[in-house]
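Here's a quick briefing on how the chains of this assembly meet. Have the sequence and the model open as you read.

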There are 12 protein chains.
Amino acid sequence: MKKVLIINGPNLNLLGKRQPEIYGIQSFDEILDDLKDYASNNNLSISYFQSNSEGEIINKIHDCVGKVDYIVINPGALTHYSYSLRDAISSIDIPVIEVHISNIYTREQWRQKSVISPVAKGTITGFGVSVYKIALFFISESLKN
Amino acid sequence: MKKVLIINGPNLNLLGKRQPEIYGIQSFDEILDDLKDYASNNNLSISYFQSNSEGEIINKIHDCVGKVDYIVINPGALTHYSYSLRDAISSIDIPVIEVHISNIYTREQWRQKSVISPVAKGTITGFGVSVYKIALFFISESLKN
Amino acid sequence: MKKVLIINGPNLNLLGKRQPEIYGIQSFDEILDDLKDYASNNNLSISYFQSNSEGEIINKIHDCVGKVDYIVINPGALTHYSYSLRDAISSIDIPVIEVHISNIYTREQWRQKSVISPVAKGTITGFGVSVYKIALFFISESLKN
Amino acid sequence: MKKVLIINGPNLNLLGKRQPEIYGIQSFDEILDDLKDYASNNNLSISYFQSNSEGEIINKIHDCVGKVDYIVINPGALTHYSYSLRDAISSIDIPVIEVHISNIYTREQWRQKSVISPVAKGTITGFGVSVYKIALFFISESLKN
Amino acid sequence: MKKVLIINGPNLNLLGKRQPEIYGIQSFDEILDDLKDYASNNNLSISYFQSNSEGEIINKIHDCVGKVDYIVINPGALTHYSYSLRDAISSIDIPVIEVHISNIYTREQWRQKSVISPVAKGTITGFGVSVYKIALFFISESLKN
Amino acid sequence: MKKVLIINGPNLNLLGKRQPEIYGIQSFDEILDDLKDYASNNNLSISYFQSNSEGEIINKIHDCVGKVDYIVINPGALTHYSYSLRDAISSIDIPVIEVHISNIYTREQWRQKSVISPVAKGTITGFGVSVYKIALFFISESLKN
Amino acid sequence: MKKVLIINGPNLNLLGKRQPEIYGIQSFDEILDDLKDYASNNNLSISYFQSNSEGEIINKIHDCVGKVDYIVINPGALTHYSYSLRDAISSIDIPVIEVHISNIYTREQWRQKSVISPVAKGTITGFGVSVYKIALFFISESLKN
Amino acid sequence: MKKVLIINGPNLNLLGKRQPEIYGIQSFDEILDDLKDYASNNNLSISYFQSNSEGEIINKIHDCVGKVDYIVINPGALTHYSYSLRDAISSIDIPVIEVHISNIYTREQWRQKSVISPVAKGTITGFGVSVYKIALFFISESLKN
Amino acid sequence: MKKVLIINGPNLNLLGKRQPEIYGIQSFDEILDDLKDYASNNNLSISYFQSNSEGEIINKIHDCVGKVDYIVINPGALTHYSYSLRDAISSIDIPVIEVHISNIYTREQWRQKSVISPVAKGTITGFGVSVYKIALFFISESLKN
Amino acid sequence: MKKVLIINGPNLNLLGKRQPEIYGIQSFDEILDDLKDYASNNNLSISYFQSNSEGEIINKIHDCVGKVDYIVINPGALTHYSYSLRDAISSIDIPVIEVHISNIYTREQWRQKSVISPVAKGTITGFGVSVYKIALFFISESLKN
Amino acid sequence: MKKVLIINGPNLNLLGKRQPEIYGIQSFDEILDDLKDYASNNNLSISYFQSNSEGEIINKIHDCVGKVDYIVINPGALTHYSYSLRDAISSIDIPVIEVHISNIYTREQWRQKSVISPVAKGTITGFGVSVYKIALFFISESLKN
Amino acid sequence: MKKVLIINGPNLNLLGKRQPEIYGIQSFDEILDDLKDYASNNNLSISYFQSNSEGEIINKIHDCVGKVDYIVINPGALTHYSYSLRDAISSIDIPVIEVHISNIYTREQWRQKSVISPVAKGTITGFGVSVYKIALFFISESLKN
């Protein structure tokens, strides 16, 4: 059973409350329940971390070494300027999957550039909260090979 | 059973032959067999179209109206400049999922901008040839809701 | 009687169906009937060509030499990047009138630059489907001088 | 009978004298006679205003409310920087048609951007002094619908 | 009793009539009555000047020397390109307070740059028509020190 | 009585000590005393929060929901790059007033762009430490309507 | 005897009063006396015009045709954005000499670009108020050839 | 005997007819006769392909694998935007020589950037129609080593 | 004996583990031992602080006032965007020496701009982990004068 | 009697031979004779230096200290990139007058930026070969004050 | 017999020693022998000049007038910034052929722009050291016409 | 004993005389004496070269091969544009240390970009004339390992 850490960045603790026309009405707790069901059916175990602090997220990523097999991260607005987060991801050997709930390419100009993508395994953008489960699907698929 | 059309743009007929260090060694025929298996297990039917001509791809997209429920498209290099393809996608009501095999954010500058993303339902980038199956997974998931 | 060829570029075959809030609800067939009436009253004869393929449009333009007196073209999205179409227009001696149905200056940034305008006789933008008839009016006027 | 005000911006009082290789040899008085003939045949009445002062043109536009049905404006070089003129146009409910005598896309870089176009009903560029009559044709046409 | 001149730039004479969803429904006459009340309670006297002409506003500013203690200016669209107005402000020793009714940072790109701000005492943006009274409050406060 | 939270971002704890030629010689404690006087005379209650950590400020903003009626924020240098702070502000329904002590438009280029302004109710820049009291004045005024 | 018109643009009426560290302490009246002496010794006659209004300066330039042999212009801040002034200069056949009192290349970025220079006979920048007399010297020299 | 395919892109079928002041007066048929002579004297065999369609050119390039030893291509205006053509060239192992008849560096800005050059063996620009024979010379030379 | 604080920013706790081809194989503990030897031989005392949190580093810098004589800082990726860190450094009177282990000018574009350098005493880049000792050498040298 | 050194930069030894439609038909020897006449009548003595080497010109400028009162320099194409020449000029206390024969603002884009102007006393551009004498006139004038 | 001068710019004296993976292992002496053989067989005579000094190369080019029929130049890094060299080439009437050994379009960004190309007869880039002989071939061909 | 060559670029011969507020009051002769002392104590021998000519500096660098172990270079203003100097440095195998006396990041924009840094071993900027000795310290340190 492979271990997957899901990390949500700044403001994603407000999911379901903040701008529901963009981010949907589900809280992440509800989403997480669904993800855990999916994971256990696919031989994955999930842990979850959210923080509004860049430093705490970097600490958490450092802490993953030797404990986690995959990271799924929605970096929130850190996506667009946190070179420190980028360096943290490129400092470790764990594959990191970047996800975004909304289609960032239909929004403000600054949301259309990710400084994280070049160090991610891959990126899933714009399918609503399904992006987390889609990431798990990829992990589960890649374990079959 | 929902109908999914997979479209591959210019040069993707060479998959498995062209730059295998970037695009892998599988031909799309082999990939397609695997996708069809997955589809039939998930109540989807798949058809496939490849062309090196922007005009033919646009014709095909127009032709989908009333015949296809989802389009999965890897526009190849048209991704980066074909506003005609973009207009074709925004002209129809069928959800379109954009996929890219390689992590375009680690390659040339011009590959990092997609003119297609703003009119796609969502985008999946950089997981190797798995991106097609990941797209099918999303479709299959969205049919459950 | 002078001969006028009207050329519509990619996706304009969907006129009346695609994004009617932008492009109106008339199909081009209906518009064409009206244009033919106008033309015959003004000593002009009209032929019509539509294609989603840049190459076919260029072939058609080359084919006009010696057969057509004026070209009215709505290049669709090719307006914004097709330097090949531009070269085709500057390669022939026939005056070419560029038209756009919507006011492209109120839309996306990339729609606000035309690579065709510098080689056109003139440009008519943003009056709805009337732009074709306005172009015919100019032709008819210029024949009076 | 609908009322149309034609406004000419800075330096257009020199029409026929200034750079005739670009702007032609007709003075606007001669052009205006022709436009008035055309207008009276098409149930339109024309008034005319020219000023070299941005402020006076804005005053004139404000003054149109309730008195004029259409404005045809050639803003001269104000086209390229007068956001005050733009705001004046967007402040009123009268449709404004922007015209330019020369093909501005074959001239200096700064002439190729209009700050007025996004608030105009439509734009007619590059057919010589015919652009004024073409604008009247559009007005006359739109009154038929 | 300190003398304050309020200057409104181009198109602000239309306040209450122009785009009320942006600028509100009060005419400046109504606003001015309220400002005069506030001023007289705070030992300030107010005069008012509006013009659509850059040159007239500059003349007015020059004319303030020795007659006015503070200027509150809403330069309208001149904000974004009138270096002449800027030079007029930096030519005199009277403190100038720049105000904008709407939040210019949520509007067009060109509205987000003020060439006036670098020579203003300070800038108040985006609180609706309250910005004038807020400016008076600052003046009244600064007189206490 | 309405509740107002004043938030000061990074380095503003040094107010009165840091670069007094730019930021003045008053410590924020002294300023706060004056603000509290003003507030109590205008039916407002004030609380105060300062942090050098982006994450802590975001946490504080989230925590305001249901507890605070207005936020007055001087984001310090976070103004210029913290899209996470911006998202936090746009995630809540509380009006946020952005203030800056110095005239940022006379300083370095990077200080002249605020990523916060587009999500603020309004912005007050450059009047020295008065900007906090000016913000309170606006709140007090808006309560009268 | 050749006729020279000296035109000063916005804010130059304040010469000697405005920012003397940049523009010197002489009023233009004093400078003009000196210029007239020089002119009469060199077979030139001088007239003078100053305005803060772009429109009035354009009118004056139009009015020069047939009456003036040379124009010496210090366009003030209009130098940097007035394409209308530029068009006025290129509309007439009179040689125009552009002068600037200060070295604009040591000042703000926007002062370093002149939209007038490409249509001027030549440009003299940065020698203090001597630039007017230097322009007269050139005129006097060119009359010798 | 090595096989060389010469490919001409859009509008080059008009060679000798289109803008002879730029492209010369020889048709490509005449040029081809001369090239065939040269080739047969240098142990090369030549075939020729021209198309106005990006898709057809890509198809032709794909078709070269195993059949052609060198490609000489004048991509016409596709030079400047066809990333699909670029990908086609980098997908095959055949050396490709890019040629341009005119000196593109003395023409429009957009003609000065080639998206093809980075994947070409080398580029020959600006010697008139000799560029094709120069390319053959290089091939013939490289066969000697 | 002068007191020197060495600060390492985000991800530098992984030194010796992260990307050793860029950053070397020594942990900072080993480096620190060497630095302490050097310091004690040169009449300096060293303390050390590392954090992945921008806020904590700013707090530490504020805390140095009156306690530390020199700061040597490797800001990690904060170098490239942390204007808050920059303001912290310019808020205190302690000389700050910026160091980078790798030659940032041979790496990604964004690594080539430091927002910290303009407020540093000086910058030492690209000599491997020696940069810390080089900084100490400078301090020791400057104490001799 | 004040000493003036005239320096001509690269390619100006070809004056009279190179592109006479731009630079005129006089050789600099002829021009120099005329300048010497003018100088002797105005209590100035002239020496002359021309080199195609940036290094030699810098050496010459260094050598002027204590020997020359004014430098008149036409830096040729070094104008546009030689920061070394700029530093040489700002390293000495001798006033330097920059001259250009042609109106550089009507030519290529790169000719429109001078890196020398910010360190020159003033700049004279575009009056043909008269610019040298105009510079002498300024020197002679400034000696009168 | 026509005379050809081959000029090599800075650092090309190191050919064969410097970065052989880019520039090959042949010294230019060896290449020159081969070129001389080719030349004598094609009725050309060759002379050679190399310098690391821009000034010396310009002197040499000036010196060619009346002595040399063609120049083949590899300007080395001067290609990318030496406007003085460009002016030297455009000052003479001798056709100049620009060559580059490596494919500059696959290297650093700054190597992809040549300031020399617009004044060259043509440019040959990226075929290794063959570029010199290819240039001779063109000269020999053009002599046949 | 290792051999170190110190190279100073254009205008650095004026050290101690030129802009002492930026570069200090010591001549390089005085500095060199101190460096030689330091060197002899650290088993290094120093030679020195200064030139105002790019070409002479490149020649000197070529001449170092086999004779010098380290180069310390202050390229002066060549830092910012001399790609020829850059190529010279990358053409040899000798480690080159780039130094700048002033903090170039607090000065003009163009001084903030070095084209030399990407090919240097490392860069030391902004510590005054100590930078030379700091470079020697690094060399001496690296010899210990």
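In this predicted model, D:R111 and G:D87 pair up through their side chains in a salt bridge, with N to O at 3.0 Å. That's one piece of the contact between chain D and chain G, where the count is 2 salt bridges. Over all chains, the count comes to 84 salt bridges.

**Chain D against chain G**

- Each partner brings the following to the contact: 14 residues from chain D and 14 residues from chain G.
- About 1200 Å² is buried between chain D and chain G, and carbon and sulfur atoms give 49% of that area.
- On the chain D side, D:N52, D:Y81 and D:W110 account for 45% of the area buried against chain G, more than any other three residues.
- The interface of chain D and chain G also has 8 residue pairs in polar contact.
- Sorted by class, the chain D side that touches chain G has 6 nonpolar, 5 polar and 3 charged residues.

**R111 elsewhere**

- G:R111 and E:D87 form a side-chain salt bridge, again given as N to O, at 3.0 Å.
- In chain C, the side chain of C:R111 meets that of C:E108 in a salt bridge (2.8 Å, N to O).
- C:R111 is buried at 5% relative accessible area, whereas C:E108 is partly exposed at 28%.

**Chain B against chain A**

- Here the contact draws on 21 residues from chain B and 21 residues from chain A.
- The buried area is about 1900 Å² for chain B and chain A, with carbon and sulfur atoms giving 64%.
- Strand β5 (residues 122–125) of chain A runs antiparallel to β5(B), and 3 bridges join them.
- Within that strand pair, A:T123 stands opposite B:T125.

- B:E141 and A:K133 meet in a side-chain salt bridge, 2.8 Å from N to O.
- A:K133 and B:E141 also belong to a salt-bridge network that links them with A:D34 and B:K144.
- H:K133 and K:E141 form a salt bridge through their side chains too (2.8 Å, N to O).
- That pair crosses from helix α5 (residues 130–144) of chain H to helix α5 (residues 130–144) of chain K.
- H:K133 and K:E141 are both buried.

- Chain A and chain E don't touch, and their nearest C-alpha atoms are 11 Å apart.
- Chain C and chain K have no contact either, with their closest C-alpha atoms 21 Å apart.

Notes
Residues are numbered from 1 along each chain as its sequence is written. Chains are lettered from A and ligands numbered from 1 in the order in which they are written. This is a predicted model: local features need pLDDT of at least 70, side-chain atom pairs count only at pLDDT 80 or more; totals for chains, interfaces and linings use all residues. Side-chain values use heavy atoms; hydrogens and water are left out. Contact means heavy atoms within 4.5 Å. Buried area is the accessible area (1.4 Å probe) that two parts lose on being put together, summed over both. A salt bridge is a side-chain nitrogen of Lys or Arg within 4 Å of a carboxyl oxygen of Asp or Glu. A polar contact is a pair of N or O atoms within 3.5 Å; within protein, one must be able to donate a hydrogen and the other to accept it, and residues adjacent in sequence count only if both atoms are side-chain atoms. Ala, Val, Leu, Ile, Met, Phe, Trp, Tyr, Cys and Pro count as nonpolar, Asp, Glu, Lys and Arg as charged, and the others, Gly among them, as polar. Buried means under 20% relative accessible area, exposed over 50%, partly exposed in between (1.4 Å probe, protein chains only). Helices (H or I, at least four residues) and strands (E, at least two) are DSSP runs, numbered from the N terminus. Two strands pair if DSSP finds at least two bridges between them.
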